Amino acid sequence: MGSSLPTAAAEAVDVILRDGGTLRLRPPSPDDDDALVAFFSALSLESLELRFHGLRRVDRALVEPFHDPDWRETGALVALLDERIVALASYARIEHDAAEVAFAVADEEQGRGIGTRLLEQLAARARDAGIFEFVAIVGAANARAVRVFADTGFELRRELAGGEVELRFPIAPTGVLELRMESRDHVGVVASLRPFFEPRSVAVVGASSRRGSIGGELFRNMLEADFDGVVYPVNRDGRPVAGVRGYASVAEIPDDVDLVVICLPAGSVLAAADDALRRGVRALCVISAGFAETGREGRERQERLLALVRAHGARLVGPNCLGIAVPARGFNATFAAQSLPSGRIGFSSQSGALGLALLEKAASRALGFSSFVSIGNKADVSSNDLLEWWEGDDATDLVLLYLESFGNPRKFATVARRVAQTKPVLALKAGATSAGSRAAGSHTAALAGSDTAVDALFRQAGVLRAHSLEELVDTAAVLSTQPLPQGRRVGVLTNAGGLGILCADACEAAGLELPALADETRAALAAVAPAEASLANPVDLLGSATADVYEAAIGPMLADANIDALVVLFVPPIVATTGDVAAAVARAARDAKKPVVAAFVSAEPVRLPGLAVLPYPESAARALALAWQRTQWLRRDAGEVPELDADADAARAAIAGAEGWIDPRALLAAYGIPLVQERTAANADEAVSAARELGFPAVVKTAAPGAHKSESGGVALDLRDEAAVRAAVERIGAPVLVQPHLTVGTELLAGIVQDPTFGPLVAFGPGGVYAELIGEAAFRLAPLTDADARELVESGKAGRLVRGFRGTTAADADALVDLLLRLGRLAHDIPEIAELDLNPVLALPHGCLALDARVRVAESAQTHALKSW
């Protein structure tokens with residue numbers, strides 16, 4: 001019987017092991033019977049006895065129960081390596097919500113963490129089938145199996161019965177389990193990437209002796225960079241390249257090879273990859289184009305390449321990429337025209353061409369790199385993996401990312417948030433989707449623009465978002481040379497009033513401010529500046545200011561307690577040169593505890609170590625604003641996702657079999673979301689009766705699910721008597737909803753929208769009929785932490801309304817936080833909710849109420865990543 005669960009249970013998934021090897025896990029099928037028989041036959045007698053609690057005859061009858069699991073009563077996964085089965089894990093339901101689980105791993109593969117990874121994936125599928133507890137019966141002497149169950153992160157209960165131990169453990173996700181899984185992912189990913197960043201030997205396949213060829217130039221780059229390992233050219237005829245002996249294949253190379261770089265036409269790549277993988281190579285970088293970026297045929301070729309890599313437990317960078325470089329080791333496996341300067345920035349680019357452009361611009365800012373990886377089509381290695389590497393890389397202090405798409409955005413958020421605790425992560429995201437501009441059926445969906453999810457993801461993960469290549473490079477220059485600002489107050493020092501005004505405007509636009517200088521600062525400046533100078537902030541030293549004047553003025557401004565950061569502007573006049581002023585600024589700013597950013601509007605390049613020199617005043621303002629954003633993120637309470645009294649089963653029952661717009665009341669009640677009292681009336685008499693019960697004045701609305709009541713004329717407000725109620729019912733048409741007319745409180749909007757890539761988002765902002773006109777709804781990825789929810793409630797225009805705007809009474813912020821937390825949990829638990837609108841939410845001095853609710857249900861669009869890490 002085939003898989004019957006509407007989940008990813010029947011799909012293959014790739015997992016990473018602690019030694020960096022990879023495995024593909026999938027359900028076994030009847031075609032696997034021979035392979036399963038071979039697997040069990042190869043087990044030692046001890047392993048076979050431990051698996052089956054006694055010796056069993058290995059034949060087809062033994063393995064047939066494992067294939068084609070139905071997942072509700074039985075489940076099974078096999079692990080594949082080098083096209084053979086090396087492990088099997090299975091369960092069989094024995095109680096209403098419990099299943100017995102067991103596993104076996106090939107003797108030669110034991111100790112790599114395969115059993116642990118199988119159990120993780122099997123438990124996830126069992127949870128989807130309504131199984132909440134695993135039971136394992138192991139021999140009392142089988143300490144290894146007990147350790148595997150314990151190491152996974154499940155909370156075990158043990159009971160000794162004769163010569164066996166019964167282990168019971170809930171398989172619901174817990175904080176401990178998630179931390180263990182994150183730790184295993186981190187260890188495995190770092191191990192798998194070591195051959196890319198620390199290779200001792202590299203083979204370049206397609207290294208031609210012909211100048212101008214990609215492979216030939218990449219090989220020569222390796223030689224010219226003075227690589228501290230060994231590099232081998234591989235070409236069809238085995239010809240030498242640049243005086244280095246060549247080989248016709250990787251298999252011919254007499255020594256071990258850590259990394260193979262392939263620069264061949266797309267049609268020849270798979271054969272070259274197979275040659276390298278059979279040789280035992282576990283790291284491939286495919287420079288070649290002609291894969292998924294070219295259409296269906298290319299996508300199929302890329303899928304075959306990845307399957308080949310996975311079959312051998314290896315990793316792949318690319319295809320369609322620029323290559324890899326680690327400047328400090330003289331490792332330049334790229335075809336870039338210039339080598340990268342060494343430094344402490346890790347940089348990943350999804351686009352090779354843009355990577356080259358950034359490297360060119362970085363040189364003008366004197367930026368250096370610990371490593372550079374062009375991931376191209378990112379068939380395997382992605383920015384998520386590289387973040388794992390840079391997290392523990394002592395040579396990297398700052399991470400730069402150019403992103404065009406996300407494979408697993410939730411994983412990105414988890415890893416980036418962890419990295420950002422100790423190192424800035426600065427990203428430029430291009431290729432915004434058009435999903436947010438579709439014809440939306442709710443205010444929430446209409447407000448969720450194409451970049452909404454990216455902004456929410458970055459904000460929650462602590463990723464700083466640059467909006468241009470220039471801004472990315474400028475901010476990198478500031479973050480890599482300057483301390484973080486401890487506040488938003490900026491001092492500006494200039495020799496041109498116009499530049500100062502531009503900088504002041506840019507600072508205000510970026511959320512920074514220019515405070516008045518302290519009296520003692522103004523006095524100190526007056527002693528060194530020309531009498532005609534303006535000593536307000538910005539401080540204008542006039543065009544006659546020399547390098548000495550600049551140097552003397554910087555000290556007092558940095559000492560001012562009202563200033564958190566200093567911007568120094570300079571346009572070269574006749575009396576001072578750019579070089580002299582730059583040197584003076586560098587001397588005065590040396591060892592400063594506050595960031596100093598210079599903007600020299602000059603044709604003369606300025607490159608001074610330890611000094612952030614940018615081209616324009618606006619550049620300095622934007623870069624400082626991002627640095628201040630990092631300071632704020634580091635200070636914020638990380639929060640936690642609280643436990644809530646919610647009934648997910650009741651919510652699922654409320655939407656069972658539904659599609660499209662539904663009556664939302666049962667669904668919202670299951671999660672404790674507060675709704676205004678209302679009654680459904682089938683005719684005018686019932687509506688009048690409901691109005692008497694609830695009290696006049698009353699509101700009458702159409703009961704049609706999903707209707708935009710204001711736009712369609714489906715609502716009547718402030719109905720003060722029975723006649724008005726009857727007239728409203730006659731105009732709107734029965735059935736109707738009857739509610740009390742509430743006038744005290746602030747109208748806000750809260751809602752949910754499912755993004756096809758990022759999953760559920762929670763929205764909060766100004767509400768009522770002007771929600772879309774006012775805009776400025778803010779979004780966060782669900783589920784929300786209490787800190788996320790409070791930030792939504794307290795920030796932006798909605799925050800001003802909550803605090804009490806222009807004399808209005810402040811709203812109950814805690815009640816609104818609770819509402820958003822419940823929406824976040826609902827969105828996370830019930831992915832079939834495509835759109836949910838609470839508009840308006842009436843925020844009261846005590847509590848809050850949703851006056852109108854609209855919910856659209858659709859088949860979950862969430863996708864399941866092939867990689868588990």
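R60 and D33 form a salt bridge (a side-chain nitrogen of Lys or Arg within 4 Å of a carboxyl oxygen of Asp or Glu), with their closest N and O atoms 3.5 Å apart. R60 lies in helix 3 (residues 60-63) and D33 in helix 1 (residues 33-42), so the pair ties together parts that are 27 residues apart in sequence. Helices (H or I, at least four residues) and strands (E, at least two) are DSSP runs numbered from the N terminus. R60 is partly exposed at a relative accessible area of 40%, whereas D33 is buried at 4%; buried means under 20% relative accessible area, exposed over 50%, and partly exposed in between, with a 1.4 Å probe and protein chains only.

The model is predicted, with local features requiring pLDDT of at least 70 and side-chain atom pairs counted only at pLDDT 80 or more, while totals for chains, interfaces and linings use all residues. Residues are numbered from 1 along each chain as its sequence is written, and side-chain values use heavy atoms, with hydrogens and water left out.

A search of the whole structure finds 59 salt bridges. One of them joins R418 to E391, the closest N and O atoms being 2.9 Å apart. This pair links distant parts of the chain, with R418 in helix 12 (residues 409-420) and E391 in helix 11 (residues 383-391), 27 residues apart. R418 is partly exposed, with a relative accessible area of 23%. R720 pairs with D718 in a further salt bridge, at 3.2 Å between the closest N and O atoms. Here R720 is exposed, at 59% relative accessible area, and D718 is partly exposed, at 32%. Salt bridges with shared partners also join D14, R24, R310, R315, D380 and D385 into one network.

On the surface, K797, R800, R803 and R806 gather in a patch of positive charge. Such patches consist of residues with over 30% relative accessible area and no salt bridge, like charges being joined within 9 Å and nonpolar side chains (Val, Leu, Ile, Met, Phe, Trp, Tyr) within 5 Å. R803 is placed in helix 28 (residues 796-803).

An open sheet is formed by 5 strands in the order 22-21-23-24-25, with parallel pairing. Strand 22 (539-540) and strand 25 (612-614) stand at the edges with a single partner strand each, so one side of each is left without a neighbour in the sheet. Two strands pair if DSSP finds at least two bridges between them. Strand 21 (residues 490-494) runs parallel to strand 22 and is joined to it by 2 bridges. The bridge partner of T494 in strand 22 is D540.

Definitions and conventions: Areas by Shrake-Rupley, 256 points an atom, 1.4 Å probe, with all protein chains shown as cover. Lys, Arg positive; Asp, Glu negative; His and termini not counted. Charge placed at Lys NZ, Arg CZ, Asp CG, Glu CD.
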